[in-house]
Amino acid sequence: MKIASVKQFYSPKCQQNYGYLWVWDSFRDKAGDYDVSTAVYSYSQDEILGKRAWTNSTAQEFWSNGTDTVKDCTAGVGSLRPAGDPLASQGASTKRC
């Protein structure tokens with residue numbers, strides 16, 4: 001079952017990249033709360049940047065902090081751990097240079 005989608009967005013106004021995670025209704029409607037994180041991975045720096053995390057959430061949409069990685073090769077990354085599961089599921093968007 002797909003539980004979430006992970007993407008990366010660029011803001012021309014801010015000139016920054018953002019990681020984004022969207023929780024699918026099919027999962028959200030049946031799940032209790034969950035822990036979520038999202039960020040931007042920079043291949044150029046080999047670093048996870050702009051990470052934000054939430055615990056015990058039932059929200060659907062999550063955004064990382066903006067990152068100054070426009071000149072880097074990057075991907076959006078995210079994780080979601082449903083209540084009662086010991087490990088989070090992880091995902092990444094496609095690499096963008």
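Colleague: Why is C14 called partly exposed?

Modeller: C14 has a relative accessible area of 42%. Buried means under 20% and exposed over 50%, with partly exposed in between (1.4 Å probe, protein chains only), so 42% puts C14 in the partly exposed class. This is a predicted model, where local features need pLDDT of at least 70, side-chain atom pairs count only at pLDDT 80 or more, and totals for chains, interfaces and linings use all residues. Residues are numbered from 1 along each chain as its sequence is written, and side-chain values use heavy atoms, with hydrogens and water left out.

Colleague: What makes C97 exposed?

Modeller: The relative accessible area of C97 is 71%, so C97 falls in the class over 50%.

Colleague: How do you know that a disulfide joins C73 to C97?

Modeller: A disulfide is a pair of cysteine sulfur atoms within 2.5 Å. The S to S distance here is 2.1 Å, so C73 and C97 meet the rule. By that rule the count comes to one disulfide. The link is right-handed, with 115° about the S-S bond. C73 lies in the loop between β5 (61-63) and β6 (74-82), and C97 in the segment after β7, 24 residues apart.

Colleague: What makes β3 and β4 a pair?

Modeller: Strands are DSSP runs (E, at least two residues), numbered from the N terminus, and two of them pair if DSSP finds at least two bridges between them. Seven bridges join β3 (residues 34-42) to β4, so the two strands pair, and they run antiparallel. V36 stands opposite W54 in β4.

Methods. Helix = DSSP H or I, 4+ residues; strand = E, 2+ residues; numbered from the N terminus.
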